[in-house]
Amino acid sequence: MPFPVSFSLEPVRRFFRGHPRVTRSLELAVLPLEAASKKLAFGCKMCGQCILHETGMTCPMGCPKTLRNGPCGGVRMNGHCEVDPGMMCVWLKAERRSRWMPWRGAILRIQPALDWSLKGSSAWVGLMIGRNGKEAR
């Protein structure tokens with residue numbers, strides 16, 4: 001089940017596409033707030049294409065291999081990472097946490113490849129203007 005946003009953002013997106021200076025200003029205003037809150041709460045790496053809501057509020061960019069579609073084949077028997085044996089596999093945490101989400105099936109969704117040009121940009125603004133490529137439908 002995709003993220004449960006069913007209202008149309010198209011009028012808002014049309015406005016921001018027609019006003020790029022307003023979009024840049026909005027991004028400058030939102031980015032510090034988004035970065036601070038998401039880094040503090042979720043260890044966000046500011047990839048600009050947030051899928052926290054689909055991964056049980058676990059940032060997949062915390063994976064040393066930055067995998068966005070599930071664990072690699074190297075998860076240890078105790079659930080720890082093969083690259084950093086001191087940390088729990090990000091995807092194991094994501095799967096466990098996603099069980100508590102109302103849209104728990106969203107973790108099974110195949111994510112598109114990461115657009116690295118969006119790294120450091122606001123995912124919130126990206127979602128609103130339809131820049132992320134997988135915005136709410």
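Helices (H or I, at least four residues) and strands (E, at least two) are DSSP runs, numbered from the N terminus. This is a predicted model, where local features need pLDDT of at least 70, side-chain atom pairs count only at pLDDT 80 or more, and totals for chains, interfaces and linings use all residues. Residues are numbered from 1 along each chain as its sequence is written, and side-chain values use heavy atoms, with hydrogens and water left out.

Me: Is E34 buried or exposed?
Reply: Buried means under 20% relative accessible area, exposed over 50%, and partly exposed in between (1.4 Å probe, protein chains only). The relative accessible area of E34 is 0%, so E34 is buried.

Me: Which residue forms a salt bridge with R131?
Reply: The closest N and O atoms of this pair are 3.0 Å apart, and R131 meets E27. The pair links distant parts of the chain, 104 residues apart, with R131 in the segment after α4 (123–129) and its partner in helix α2 (residues 20–42). That partner is E27.

Me: What relative accessible area does F16 have?
Reply: F16 forms an aromatic pair with F15, 5.3 Å centre to centre. F15 is partly exposed at 40%. F16, by contrast, is buried, its relative accessible area being 11%.

Note on methods:
Phe/Tyr/Trp six-rings, centres within 6.5 Å; stacked < 30°, edge-to-face > 60°. Salt bridge = Lys/Arg side-chain N within 4 Å of Asp/Glu carboxyl O.
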